[in-house]
Amino acid sequence: MGVEQKWIRHELQGEVHEPKKLPDYPADIPVPETVEITVTICDKKKTIKASTNDTILQSLEKNGIAAHAHCRSGECG
C-alpha cells in the first residue's frame, strides 16, 4: 500500500514484557534496567522505582498504587 513502516502500528493483545527482545526494537538505544517514575495523586507526589520490563500499570501496582484502568478487562481506557 506504500505506507512507510514508521506509520504502521500493531495492535497487541495483552501487555508487552521485555520490549528489548522484540525484533524491531531499536538496538542502538541504551535502556536501563530500572527507572524512577514520579506519580502525582491528589496533589501529593510519590516517586517509585520501576523495571523497564514492566508496563507503567504493573509498576504502579507493584508499588501499592491502585490506578483506575480497563486493562485486562477486554477494553482499553
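I began with Cys42, which is exposed at a relative accessible area of 71% (exposed means over 50%, buried under 20%, partly exposed in between, with a 1.4 Å probe and protein chains only). Before going on, I noted that this is a predicted model, where local features need pLDDT of at least 70, side-chain atom pairs count only at pLDDT 80 or more, and totals for chains, interfaces and linings use all residues. Residues are numbered from 1 along each chain as its sequence is written, and side-chain values use heavy atoms, with hydrogens and water left out.

**Entry: the loop between the strands**

I found Cys42 in the loop between strand 1 and strand 2 (strands are DSSP runs of E, at least two residues; helices are runs of H or I, at least four; both are numbered from the N terminus). Its phi is positive, about 50°, although Cys42 is not a glycine. Asp43 sits in the loop between strand 1 and strand 2 as well, and I read a positive phi of about 65° there, again for a residue that is not a glycine. I made a note of both since most residues other than glycine have a negative phi. Asp43 is exposed, at 76% relative accessibility.

**Entry: Thr52**

Next I looked up Thr52, in the loop between strand 2 (44–51) and helix 1 (56–62). Is Thr52 buried or exposed? Thr52 is buried, at 17% relative accessible area. I then listed what Thr52 touches, leaving out residues up to four places away in sequence: Pro19, Lys20, Val31, Pro32, Glu33, Thr34 and Val35 (contact means heavy atoms within 4.5 Å). With Pro32 I also saw a polar atom of the Thr52 side chain 2.7 Å from the backbone oxygen of Pro32.

**Entry: before strand 1**

Pro30 belongs to the segment before strand 1 and is exposed, with 73% relative accessible area. I checked its C-alpha against that of Lys20, ten residues apart along the chain, and got 9.7 Å. Trp7 also lies in the segment before strand 1 (34–41), and Trp7 is exposed at 57% relative accessibility.

**Entry: confidence**

Last, I looked at pLDDT (the predictor's confidence in each residue, from 0 to 100). The protein averages 83, and 84% of the residues score at least 70.

Conventions
A polar contact is a pair of N or O atoms within 3.5 Å; within protein, one must be able to donate a hydrogen and the other to accept it, and residues adjacent in sequence count only if both atoms are side-chain atoms.
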